[in-house]
Amino acid sequence: MSTISETKIHPLASVSSTAKIGNGVKIHPFAVIEDDVEIDDGAIIDPHAVLLSGVRIGKDCHIHSGAVLGAKPQDLKFRGEKTYVFIGDRSVIRECVTINVGTKASGQTIIGSDCLLMAYVHVGHDCIIGNHVIIANTVQFGGHCEVGDYVVIGGMTGLHQFVRVGRHVMLGAMTKNVHDIPPYVTTSHDRYEGVNVIGLKRRGYSSETISHIRDVYRVIFQSGLLIKNAVEKVKAEFPKTPEVEEILAFFEAESKRKYIRPYMVGKA
């Protein structure tokens, strides 16, 4: 192994002379690092990982074998414009994960800090994944998806392009998701199941706050009102706590998708 400023680059790794490699970085044999790649301090790049032009890796990340970061978008409108992938600090990208660069729509695909993307996850172009997000094996994101902080997504789940997922959401495994999912809830098969009580308790939310969130979603999803009318009722009748404001902001934001619905007894 050759050592330069505490950085260890195996002689069998293919590393561009123009790549920017931070202190303490370890690059293992047969890894490929192209031009215009930046790897911050303390990152580990395992054998056979591929970092293509435009990739930016944060501090203390671990990119496992077979991951391919920065490949061209799977979008017929892409014309080779210069775009990027940004990975935040301390994130772990497991085996055979693929993350495409953005398109001219936003110019970037973003994975936040302290995330775990398990094996065979695919993140399409222009997605934005927040901080502290856990994505289980083989989850597939279409382009332009947005995922808030502290979200957990069960394995073998698919998210349609442009789907938004609010903070502190738990998505069930082996499900399709084609609708927007508001913050603080659990879902399965694109349907609202309830408030993410366990996740919120783990994040330090009080029982009173969780109960308050549950009351808001009883109005939105279980009152029989149209979503628009239910949101207006919440605005009129509930105190403007940070959680209520976040829920209202999610429903009032511009979106290309509709919203999840509650489960209906007797319906598939």
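Is histidine 144 buried or exposed, and what is its relative accessible area? I find histidine 144 buried, with a relative accessible area of 17%; buried means under 20%, exposed over 50% and partly exposed in between, with a 1.4 Å probe and protein chains only.

I note that this is a predicted model, in which local features need pLDDT of at least 70 and side-chain atom pairs count only at pLDDT 80 or more, while totals for chains, interfaces and linings use all residues. Residues are numbered from 1 along each chain as its sequence is written, and side-chain values use heavy atoms, with hydrogens and water left out.

**Entry 1: histidine 144**

I located histidine 144 in the loop between strand S21 (140-141) and strand S22 (146-147). Helices (H or I, at least four residues) and strands (E, at least two) are DSSP runs, numbered from the N terminus. I then looked up its contacts (heavy atoms within 4.5 Å). Leaving aside neighbours within four places in sequence, histidine 144 touches Thr103, Ala105, His125, Asp126, Cys127, Phe162 and Val163.

**Entry 2: positive phi**

Most residues other than glycine have a negative phi. I noted tyrosine 150, whose phi is positive, near 60°. Tyrosine 150 sits in the loop between S22 and strand S23 (152-153) and is partly exposed, at a relative accessible area of 27%.

I also noted histidine 189, which is not a glycine and has a positive phi of about 55°. Histidine 189 belongs to the loop between strand S28 (185-188) and strand S29 (191-195), and I find it partly exposed, with a relative accessible area of 47%.

**Entry 3: helix H3**

Which residues of H3 are buried? I list Ile227, Ala230, Val231 and Val234. They span an arc of only 100° around the axis, which places them on the same side of H3; the arc is that of the directions from the helix axis to the C-beta atoms. Lys228, Ala236 and Glu237 are exposed on the other side of H3. The buried residues of H3 pack against H2, H4 and strand S30 (261-262).

**Entry 4: H2 with H3**

I find H2 and H3 packed at an angle of about 155°, their axes 8 Å apart. Axes are lines fitted to C-alpha atoms, for helices over the stretch in contact, and angles run from 0 to 180 degrees between N-to-C directions. H2 and H3 are therefore roughly antiparallel, a term for angles over 145 degrees. The crossing of H2 and H3 is right-handed. The contact joins Val216, Val219, Ile220 and Phe221 of H2 to Ile227, Ala230, Lys233 and Val234 of H3. By class, I record seven nonpolar, no polar and one charged residues. Ala, Val, Leu, Ile, Met, Phe, Trp, Tyr, Cys and Pro count as nonpolar, Asp, Glu, Lys and Arg as charged, and the others, Gly among them, as polar.

**Entry 5: helix H4**

In helix H4 (residues 242-252), I find Glu243, Val244, Ile247, Leu248, Phe250 and Phe251 buried. These cover an arc of only 155° around the axis, which puts them on the same side of H4. Their cover includes strand S25 (164-165), helix H2 (207-222) and helix H3 (227-237).

H3 and H4 pack at an angle of about 150°, with axes 11 Å apart, which makes H3 roughly antiparallel to H4. Ile227, Val231, Val234 and Lys235 in H3 meet Val244, Leu248, Phe251 and Glu252 in H4. I class the residues of this contact as six nonpolar, no polar and two charged.

Terms used:
Angles under 35 degrees count as roughly parallel, over 145 as roughly antiparallel, 65 to 115 as roughly perpendicular and the rest as oblique. A crossing is left-handed if the near helix is turned anticlockwise from the far one by less than a right angle, and right-handed if clockwise.
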